[in-house]
Amino acid sequence: QVQLVESGGGLVQPGGSLRLSCAASGSMFNINVMGWYRQAPGKQREFVALITNGGSTNVANSVKGRFTISINSAKNTTNLQMDSLKPEDTADYYCNANGFSGGKWFDHWGQGTQVTVSS
């Protein structure tokens, strides 16, 4: 069973920065894609960014130029560097990873980490 654990959320002022991390753990797994999604109060979960094991990225237009996703494939960890944060970035941020574990496809979510952008 692959587990994802996020860290790095918190309260930050507008214009500030935060760095989220997500670590995947388990036995005998290979990650295909890791990504970040967010869900603001009263809204649906939305895509933020993803990165493949090979380093290809896709970033939502709403955060392009402000958020950067990276991956450490050796450590099965992805980071989301969030700069120039805006109040509308306030949400619970969830890590997602898919790939193969024990020959079976998996697609798992972390428990989420809260990001609040407020003065």
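A word on the model before we start: it is predicted, so to speak of local features we need pLDDT of at least 70, side-chain atom pairs count only at pLDDT 80 or more, and totals for chains, interfaces and linings use all residues. Residues are numbered from 1 along each chain as its sequence is written, and side-chain values use heavy atoms, with hydrogens and water left out.

Let's begin inside. The largest nonpolar core has 30 residues. By nonpolar core I mean buried Ala, Val, Leu, Ile, Met, Phe, Trp, Tyr and Cys residues joined through side-chain atoms within 4.5 Å. Buried is under 20% relative accessible area, exposed is over 50%, and partly exposed is in between, with a 1.4 Å probe and protein chains only. Trp 36, Leu 80, Met 82 and Tyr 93 have the most contacts inside this core. Among the elements giving it two or more residues are strand 4 (29–39), strand 8 (77–82) and strand 9 (91–101); strands here are DSSP runs of E, at least two residues, numbered from the N terminus.

Which residues does Tyr 93 touch, leaving out those up to four places away in sequence? Its partners include Leu 20, Trp 36, Val 48, Leu 80, Met 82 and Val 115, where contact means heavy atoms within 4.5 Å.

Now the cysteines. There is one disulfide, meaning a pair of cysteine sulfur atoms within 2.5 Å. Cys 22 and Cys 95 form it, with their sulfur atoms 2.0 Å apart. The bond ties strand 3 to strand 9, across 73 residues. The S-S torsion of Cys 22 and Cys 95 is about -80°, so this disulfide is left-handed. Cys 22 is buried at 0% relative accessible area, and Cys 95 is buried at 0% too.

On to the rings. The whole structure has four aromatic pairs: Phe, Tyr and Trp rings (six-membered ring for Trp) with centres within 6.5 Å, stacked under 30 degrees between planes, edge-to-face over 60 and tilted for the rest. Tyr 37 and Trp 109 pair edge-to-face, at 5.0 Å centre to centre and 65° between planes. Tyr 37 is partly exposed at 22%, as is Trp 109 at 38%. Ring pairs join Tyr 37, Phe 47 and Trp 109 into a cluster.

Finally, meet Arg 45. Its charged end sits over the ring of Tyr 94, 3.8 Å from the centre, and Arg 45 also lies over the face of Trp 109, at 4.6 Å. The cut-offs for a charge over a ring are NZ of Lys or CZ of Arg within 6 Å of the ring centre and within 35 degrees of the ring normal.

Note on methods
Helix = DSSP H or I, 4+ residues; strand = E, 2+ residues; numbered from the N terminus.
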